[in-house]
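Here's a quick briefing to read alongside the model. Have the viewer open as you go.

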Amino acid sequence: MYIGGKKIDIIIQTEPEQIFHGVHELVRMAFPQFNIKMGGEDAECPNRIFLQGRVEEKALCLYGSIQVDGKRTEDRQNCPLTEETAASGSKRWLARAFAYRLLCRHCGSGLNDYGLLTGVRPVKLVHRMLDRGLGQAQIMRELQQKYLITASRARLLMEVAYNNRSYLEESAAHHLVSIYIGIPLCPSRCFYCSFPGAVLKSYPEQVEPYVRALGQEMDDIGKVLKELGLGVQTIYIGGGTPTVLADKDINTLFELLHEKYISSVTREITLEAGRPDTLSSRRMELFKKVGISRLCINPQTMNDVTLKRIGRQHTSRDVGAAVEWARQAGIDRINMDLIVGLPGEDQEDYNSTIAQALELKPENITLHTLAAKKGSDLARIEGLSWQKDDPIKAGLASMQAKLRDEGYQPYYLYRQKYMRTDAENTGYSLPGCFCRFNIQMIEERQTIIGIGGGAATKLIDSRGKITSLYNPTDPDSYCTAIPALVRRKVDNLRALN
Ligand code: SF4
């Protein structure tokens, strides 16, 4: 809403603040066109939300009022507190549910298929319920009644959790970690991407010092893994676009991996060859020779007009050629990332993209919903808008149905901020071809050590507590920071084991 060319804020006031923690995200879904501010005074602002929660005589007394767009909605509710709901975490869910229902009443519709869940990893919740020994029916009930998730999304979350649970148990039984290696360089910047790595301009100036620094970090971390007796279960080389590395640097990287990381417990080595314009038949033979077992060739769409529009320097035909070269070289696990919601695309494009992707018979297809990441050209031009019942959702549903018809199963799922609609990103796989690294990365039950620019390390202790450490993304900052960040990682790893 604009008055005199100025975007109007909604001011949210909460009492006490902590009980309504996270309510900002729900308000953003209800009113995507507004700037939202938590707290503060602005007598001019006509749009206000007030939420209050007080504990009185074994009940949580909630009050809320919404004054937005010239319309007022208010409500109050007393929630009896049992032994279970008196915990501060449970009070927060009650308060959130109250705010959510009030927002739905004001807007005259449901806000979001994921109900109160605004986080990135909703399947973790199902795993926690399974840990508590809950059965299928109880989990479905809790997802819908406590978290207000729709039945279809609750079923999807359950299906993913049931599909990937044995992989979590398998890795928990050993002293195993996974490794992520980041190569934060790309041949050009895609329209929708906010990744703060560098665009490759000069190989000698940007890549060579980077590869030296990466080698140093790999060497130091490798020694600590040996000292602590940790085995590497999976390795994922991501970016950016790791395949911008020249053959000699791929060889150097893999010499170190074979020397210090790869062993008889290593089950999977993935290389993100995201941009088909960095691939050739000869390079595929190199990838196979050095030991890559899974390759990501990511078209995003098979529509050549869209590819050009979003700044990719390849065509759908290049994707087909890359898959053929990979097969000829003997790489038997291929993933293809597709994005639903790219600018200018409609149902016809989605139908054509999924049909062409399926013709190439990849073992994995990951369906992404477009997210307007802050800092991307897309967000700058189109804003961070969010729409309910967007055609994107219909497109996503039709592609999901097609994948299921062809025997693919959903096995990992995550959400992102600023998605264009209330959907998710889901990894689909043919049976028996699940990517272990993706499961571990999303469910956060195994330590993942991130090495290289932009890599995140997640250290998981025996009680499931997570310590996160981040490497700088910009290659120059990474090279300078190496000694300090290796020290910090090593200290944390030793403390954990
Ligand atoms: S290839 Fe990936 S990381 Fe690089 S600019 Fe495109 S979307 Fe971003």
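The protein chain folds into 15 helices and 20 strands, taken as DSSP runs (H or I, at least four residues, for helices; E, at least two, for strands) and numbered from the N terminus. Keep in mind that this is a predicted model, where local features need pLDDT of at least 70, side-chain atom pairs count only at pLDDT 80 or more, and totals for chains, interfaces and linings use all residues. Residues are numbered from 1 along each chain as its sequence is written, and side-chain values use heavy atoms, with hydrogens and water left out.

**Overall shape**
- The C-alpha trace of the protein chain spans about 70 × 50 × 45 Å along its principal axes.
- For 497 residues, a compact globule would have a radius of gyration near 23 Å, and the 24 Å of the protein chain agrees with that; the radius is taken over C-alpha atoms, and the globule rule is 2.2 Å times the number of residues to the power 0.38.

**Inside the protein**
- Of the 497 residues, 55% are buried, meaning under 20% relative accessible area with a 1.4 Å probe, protein chains only.
- The largest nonpolar core holds 74 residues, and Ile181, Tyr261, Leu295 and Ile297 have the most contacts inside it; such a core is a set of buried Ala, Val, Leu, Ile, Met, Phe, Trp, Tyr and Cys residues joined through side-chain atoms within 4.5 Å.
- Helix H6 (residues 203-228) gives this core its largest share, eleven residues.
- A second, separate core has 31 residues, including Val23, Ile49, Cys79 and Phe98.

**Contacts**
- Beyond its neighbours within four places in sequence, Tyr261 is in contact with residues including Ile179, Met218, Leu256 and Ile451 (contact: heavy atoms within 4.5 Å).

Conventions: Buried means under 20% relative accessible area, exposed over 50%, partly exposed in between (1.4 Å probe, protein chains only).
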